[in-house]
Amino acid sequence: MELPDERDWISVANDLLNKCHINRKVTKLCECDANVFVALYNAILGEKVPDYITTPKSQEDDTHNVQAVIDSLALDYLQISLSHITGENIVQNNKESIKNLLEIFDGLLEYLTEQISEASSQHAHLQFLPGMEMDLNLPMNSSNLVNQLVHIATELAQTYLNFNGVVVSSQKKS
C-alpha cells in the first residue's frame with residue numbers, strides 16, 4: 001500500500017508526464033525509471049541526453065542513461081551539485097532519489113514555463129538583472145529559448161549564491 005506522501009509524488013510524476021505530452025502514466029513511484037527521466041529531460045530541455053545509450057541492454061545501461069541526465073542537469077544547466085542523486089539509486093528504485101529528481105524536473109518545468117509566460121507578455125527585449133538580457137527578436141525555436149532561459153537561470157542562481165556567500169565553481173556548457 002502506498003503512503004500519502006508517495007501518492008503525492010506519483011501525482012507529481014504524472015503531472016510532469018502530462019504537461020510534457022509524454023504518453024505514459026505511473027501508478028507506483030518505482031515506475032519512474034530511466035525511460036521516464038530521459039523522456040522528461042528531452043521534453044523539458046528540448047535536447048537529447050548527452051552520451052545516451054539508445055538501446056539499453058542492461059541495468060548498467062539504464063544506470064548510465066539516468067546518470068547522464070543527472071550529470072547534464074548538474075553541470076550544463078543548474079550549475080549545482082546533485083551528488084545526492086545517482087543513476088544507480090534511481091534504477092534501484094530508491095524512493096528518496098526518485099522524489100529528488102522529480103522535484104528538480106518539476107521546479108525546472110515550472111521555472112521555464114513562468115519565464116516563457118513572462119517573456120510572451122512583454123516586448124521584444126527583456127532585462128532581468130544588469131548583464132542578464134534576453135533578446136526575443138531572435139528566432140524562437142524551443143532550443144534557443146531554453147538555452148536563453150537556462151543562461152538566465154544560471155546567472156540568477158550564481159548571483160543568489162554569491163550574495164549569500166556560497167562559493168560555487170561552475171563549468172559552462174560549450
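This is a predicted model: local features need pLDDT of at least 70, side-chain atom pairs count only at pLDDT 80 or more; totals for chains, interfaces and linings use all residues.
Residues are numbered from 1 along each chain as its sequence is written, and side-chain values use heavy atoms, leaving out hydrogens and water.

The chain has six helices and two strands, in the order α-α-α-α-α-β-β-α from the N terminus (DSSP runs numbered from that end; helices are H or I with at least four residues, strands E with at least two). Of its 174 residues, 37% are buried (under 20% relative accessible area; exposed is over 50%, partly exposed in between; 1.4 Å probe, protein chains only).

Five salt bridges turn up across the whole structure (a side-chain nitrogen of Lys or Arg within 4 Å of a carboxyl oxygen of Asp or Glu). One of them pairs K19 with D15 at 3.2 Å, N to O; the two sit four residues apart in helix α1 (residues 4-19), about one helical turn. Both ends are partly exposed, K19 at 48% and D15 at 33%.

Helix α5 (residues 95-121) holds E96 and K99, three residues apart, and their closest N and O atoms are 3.5 Å apart in a salt bridge. Here E96 is partly exposed at 48%, whereas K99 is buried at 11%. D5 joins E96 and K99 in a salt-bridge network.
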